[in-house]
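Keep the structure in view while reading.

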Amino acid sequence: MTRRINAVTVLGSGVMGSRIACHFANIGVKVLLLDIVPDKLTAKESSQGLALSDKAVRNRIVNEALQSCIRSKPAPLYNKSDARLITTGNFEDDLQHIESSDWIIEAVIENLEIKKNLFAKVEQFRREDTLITSNTSGIPVHLMLDGRSENFRRHFCGTHFFNPPRYLRLLEIIPTPETSAEVVDFLMHYGDLYLGKTTVLCKDTPAFIANRIGVYSIMSIFHLMEQLDLSVEEIDALTGPVSGRPKSATFRTCDVVGIDTLVKVANDLYKHCPEDEQRSLFKIPAYVQKLVDQGWLGDKTGQGFYKKTKDEQGKTMIFALDTQAFEYQPKSKVRFSTLESAKPVEHLQERLPLLMKGDDKASAFYRQFLFGLFAYVSHRIPEIAEAVYKVDDALKAGFGWEIGPFEHWDLLGLEKTVAHMEKAGISPAPWVKNMLGSGTTAFYQIKDGRRQYYNIGNAAYEDIPGTDAFIILDHFRSKHVIWKNTGATLFDLREGILGLEFHTKMNTMGGEVLQGIHKAIEIAEKDHRGLVIGNDGQNFSAGANLGMVFMLAIEQEYDEINFAIRYFQQTMMKIKYCSIPVVAAPHHLTLGGGCELCLHTDRVQANAETYIGLVEVGVGLIPAGGGSKEMTARAAESYYTGDPEIPHLQNFFLNIAQAKVATSAAEAFDMQVFLDGRDSVTLNRSRLIADARTAAIALAEAGYTAPREKEQIKVLGRRAMGTFLTGANAFFTAGYISEHDKKIAEKLAYVMCGGDLSDTSYVSEQYLLDLEREAFLSLLGEKKTLERIQSVLQTGKPVRN
């Protein structure tokens with residue numbers, strides 16, 4: 001059958017239920033969010049003369065939960081206005097309305113009897129074709145079906161979202177033996193394409209895949225910390241970004257999730273996994289149990305493994321728990337020779353092997369932890385999953401690991417690592433030895449740009465199901481590279497489209513990247529029909545290489561800076577006016593020069609999680625890579641639609657002057673400055689490059705013709721500049737901005753109004769480029785600007801001066 005999801009009901013408005021509801025609203029689906037009816041009035045309700053029968057009281061729990069969710073950070077909604085798609089109600093008055101829903105998701109408390117009783121009521125009202133799923137994180141899914149009809153059973157499944165659902169990409173699909181194959185296929189596809197998820201098909205085993213392995217990892221670290229006499233800070237330094245894990249590492253993650261929550265999952269695994277060869281690791285260490293007993297549960301109680309306080313000056317102080325003395329100590333600097341040698345190595349694939357080779361406690365930790373992890377995941381196949389890629393996908397999408405355990409094992413060398421493991425007395429599962437015995441020495445291989453996994457069922461490599469719509473640049477790296485330098489690589493993405501990837505630190509744009517752009521366009525214009533600019537890194541681009549600009553400014557090499565800015569501008573204009581279509585594929589940080597690049601492409605295929613903006617004001621400058629020019633030109637395009645001219649230009653001006661950054665692609669569209677009707681959004685990050693290629697092909701096949709450079713851009717001169725300067729002065733007088741901020745605003749106003757023109761005039765793009773470059777150079781000569789740049793380079797945060 002053809003399924004469409006137009007309306008969803010979420011049962012339960014707790015932390016997960018409200019956020020799941022918000023994520024469906026993010027994609028335009030109407031949501032009915034229901035919860036229980038309170039059994040007593042609050043003091044405020046009593047003072048207002050309300051009764052338990054009043055609707056405001058009966059919906060109090062769900063309404064307060066939703067509002068708390070909407071106010072929370074990180075924001076669960078792409079745009080707060082999407083909350084209008086969520087209707088609230090309660091189980092007693094509104095359950096009959098679920099008959100209009102295409103999918104019902106249960107997200108109530110983790111209590112089997114409560115869930116079963118709720119499903120009995122649901123079955124009275126749901127349509128026979130409506131999907132019904134549970135967001136349980138650990139209760140066996142099949143146990144929820146007692147007393148349910150055959151139709152209910154066919155349409156029932158586990159759908160385990162990870163918190164927060166907007167940001168964590170994992171969606172575990174857990175069918176029962178009675179779930180229809182059509183339902184499973186639909187959920188796998190819908191989660192991928194519409195919810196932007198990495199959908200992983202799981203077996204109905206305790207904690208499914210991600211939590212089974214993730215909690216094992218945390219419990220293993222808990223015990224290793226005691227064995228190796230490591231501190232909380234040392235563990236977090238070892239298990240953070242340096243090893244391909246999130247910044248929250250281990251103990252900070254525990255504080256965020258809730259130490260009591262972690263303990264509950266670990267206890268459940270100990271209880272329900274009697275055959276697990278590492279069952280003893282799920283026993284709670286004494287220091288962790290003491291935290292729970294004392295109510296030190298993490299962020300929700302104000303202290304856990306870490307505690308934040310303020311000193312007498314109001315400065316935040318972070319203290320870490322000494323697990324032996326059970327006292328908080330000021331957070332200390334961690335020093336290991338292994339970390340010192342590995343930190344300068346930028347690429348994870350090169351850094352991870354180094355972490356294993358040292359002779360200090362850090363390397364000892366990595367060896368013991370990883371050897372144990374590798375053995376553990378191998379023994380979970382086929383218990384919790386039939387295929388290795390499911391384990392890797394689950395840990396990457398659910399726990400934020402950059403590399404999955406089987407991928408990590410491959411990177412270190414499977415055969416060599418097994419030898420080291422066995423020497424340490426740790427054995428992998430027999431199937432791994434059989435695999436090596438057959439001459440197969442890796443879990444994955446790349447073939448014709450596709451990634452294949454080793455299937456232990458037939459002892460052969462197979463394509464990973466569901467990835468045929470993905471373009472992952474690492475899979476093209478061995479055979480499809482056309483050109484590269486130290487900052488960029490040009491790939492043949494097939495079908496006449498090239499792909500340019502940046503690979504500098506945070507994908508900042510310096511001379512090597514600009515050279516790559518010119519080279520990519522030159523090759524594409526000669527032999528191909530389009531170009532995609534994108535990457536699979538953590539961010540699209542954090543902007544221009546600020547460190548290079550700072551060094552040149554300190555050395556007063558202003559001619560060199562002028563040349564560099566001019567070259568950047570020429571590169572952006574080359575993108576805009578070359579003879580082939582250029583599509584940008586931004587995701588996450590798309591700031592400064594990264595934003596300017598997008599403004600000059602023919603199309604932007606943005607990931608939903610794209611944080612885009614012109615942020616140069618934060619370092620005391622204005623956009624000078626064509627950003628100020630492009631904002632002026634885009635404002636001018638709408639002057640002919642009847643919009644008041646000065647207020648309209650002011651919107652573009654303030655986006656730069658206030659360094660506004662869209663917190664999602666949806667918000668960027670609403671801002672009406674960075675994205676417009678030509679551009680599109682991709683929910684699933686893994687599909688982004690492929691979707692951008694499709695957009696480039698469509699432009700080429702539509703008969704793409706290079707646009708002509710604009711010579712008649714309407715600028716408003718002094719009549720607009722007076723308004724902007726008056727506003728900047730008023731903000732300065734009121735103390736909202738500094739004197740230097742005022743100077744930046746004046747320079748920006750000068751550029752965006754076309755200079756000191758007595759009246760409305762028409763100017764060329766090059767005229768505006770010259771103005772923005774001159775303003776940039778003059779600001780760069782200011783001491784306050786250099787102080788701001790230095791602060792950003794040192795701390796990552798601008799100063800206000």
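Axes are lines fitted to C-alpha atoms, for helices over the stretch in contact, and angles run from 0 to 180 degrees between N-to-C directions. Helices (H or I, at least four residues) and strands (E, at least two) are DSSP runs, numbered from the N terminus. The model is predicted: local features need pLDDT of at least 70, side-chain atom pairs count only at pLDDT 80 or more, and totals for chains, interfaces and linings use all residues. Residues are numbered from 1 along each chain as its sequence is written, and side-chain values use heavy atoms, with hydrogens and water left out.

**Helices H8 and H15**

- The axes of H8 (residues 210-228) and H15 (residues 361-379) cross at roughly 145° and come within 10 Å.
- The crossing of H8 and H15 is right-handed (the near helix is turned clockwise from the far one by less than a right angle).
- Residues of H8 in contact (heavy atoms within 4.5 Å) include Tyr-216 and Leu-224, and those of H15 include Phe-365 and Tyr-376.
- The residues of this contact divide into 11 nonpolar, 5 polar and 2 charged; Ala, Val, Leu, Ile, Met, Phe, Trp, Tyr, Cys and Pro count as nonpolar, Asp, Glu, Lys and Arg as charged, and the others, Gly among them, as polar.

**Helices H24 and H30**

- H24 (residues 627-637) packs against H30 (residues 765-780) at an angle of about 135°, with the axes 8 Å apart.
- Gly-627, Ser-628, Lys-629, Glu-630 and Thr-632 of H24 meet Glu-765, Leu-768, Leu-769 and Glu-772 of H30.
- This contact has 2 nonpolar, 3 polar and 4 charged residues.

**Nonpolar cores**

- A nonpolar core is a set of buried Ala, Val, Leu, Ile, Met, Phe, Trp, Tyr and Cys residues joined through side-chain atoms within 4.5 Å, where buried means under 20% relative accessible area (1.4 Å probe, protein chains only).
- The largest one has 111 residues, and Phe-222, Phe-305, Phe-365, Phe-406 and Trp-431 have the most contacts inside it.
- A second, separate core of 85 residues includes Phe-540, Phe-653, Leu-777 and Leu-779.

**Thr-130**

- Thr-130 lies in the loop between helix H5 (112-122) and strand S5 (131-134).
- Thr-130 counts as buried because its relative accessibility is 0%.
- Not counting residues up to four places away in sequence, Thr-130 touches Ser-101, Asp-102, Trp-103, Ile-104 and His-155.

Methods. Buried means under 20% relative accessible area, exposed over 50%, partly exposed in between (1.4 Å probe, protein chains only).
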